[in-house]
Amino acid sequence: MGLLIQTTGIEDYAPGGKARVKVLVIGGPGAGKTRWSSYFPRPFYADCEGGLASVADRKVPYVRVNSSQDMLDVLAYLRQENRQPAAQRQYATFVVDT
């Protein structure tokens, strides 16, 4: 029998061992979605409901989003930020908190 046992690793999916991760977190109110996301690397929040009380002690940067134009402005800002070399970027995680 020619059984080949392997071990998973990021190298299998991302050459050089680095990759971007896209995550969608769904849960009911109070489940801890906002708090959990504050532990991701260098987060930046788009606060769409004015509900960041759960991360008040985490001192996370955020912008209030009250309109479509606000969100477009946030995305333009992040595109500009993303043009910087990775080591110079202020943020590594973008959280849309609805």
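Two residues are taken to be in contact when heavy atoms of each lie within 4.5 Å. The structure is a predicted model, in which local features need pLDDT of at least 70 and side-chain atom pairs count only at pLDDT 80 or more, while totals for chains, interfaces and linings use all residues. Residues are numbered from 1 along each chain as its sequence is written, and side-chain values rest on heavy atoms, with hydrogens and water left out.

With neighbours within four places in sequence set aside, Ser38 is in contact with Pro43, Tyr45, Val55, Arg58 and Val60. Ser38 belongs to the loop between α1 (33–37) and β1 (43–47); helices (H or I, at least four residues) and strands (E, at least two) are DSSP runs numbered from the N terminus. The relative accessible area of Ser38 is 3%, so the residue is buried, a class defined as under 20%, with exposed set at over 50% and partly exposed in between (1.4 Å probe, protein chains only).

Arg42 is found in the loop between α1 and β1. Although Arg42 is not a glycine, its phi is positive, at about 35 degrees. Arg42 is partly exposed because its relative accessible area is 42%. A positive phi, of about 55 degrees, also occurs at Lys59, again not a glycine. Lys59 is placed in the loop between β1 and β2 (62–64), and its relative accessibility of 73% is why it counts as exposed.

A search of the whole structure identified five aromatic pairs. Rings of Phe, Tyr and Trp (its six-membered ring) pair if their centres lie within 6.5 Å; planes under 30 degrees apart count as stacked, over 60 as edge-to-face and the rest as tilted. Phe44 and Phe94 form a stacked pair, because their ring centres are 6.3 Å apart and their planes stand at 25 degrees. Phe44 lies in strand β1 and Phe94 in strand β3 (residues 93–97), so the pair ties together parts that are 50 residues apart in sequence. Phe44 has 7% relative accessibility and therefore counts as buried, whereas Phe94, at 32%, counts as partly exposed.

Tyr77 and Tyr91 form a tilted aromatic pair, with 6.4 Å from centre to centre and 55 degrees between the planes. This pair links distant parts of the chain, 14 residues apart: Tyr77 is in helix α2 (residues 68–82) and Tyr91 in the loop between α2 and β3. Tyr77 is partly exposed at 34% relative accessibility, while Tyr91 is buried at 16%. One aromatic cluster is made up of Phe44, Tyr77, Tyr91 and Phe94.

A charge is said to sit over a ring if NZ of Lys or CZ of Arg is within 6 Å of the ring centre and within 35 degrees of the ring normal. The charged end of Arg58 sits over the ring of Tyr39, 3.9 Å from the centre of that ring.

A nonpolar core is a set of buried Ala, Val, Leu, Ile, Met, Phe, Trp, Tyr and Cys residues joined through side-chain atoms within 4.5 Å. The largest such core has seven residues, namely Phe44, Ala46, Val65, Met71, Val74, Leu78 and Tyr91. The elements giving two or more residues to this core are β1 and α2, and α2 gives the most, with three. Leu78 touches Phe44, Tyr91 and Phe94 when residues up to four places away in sequence are not counted.
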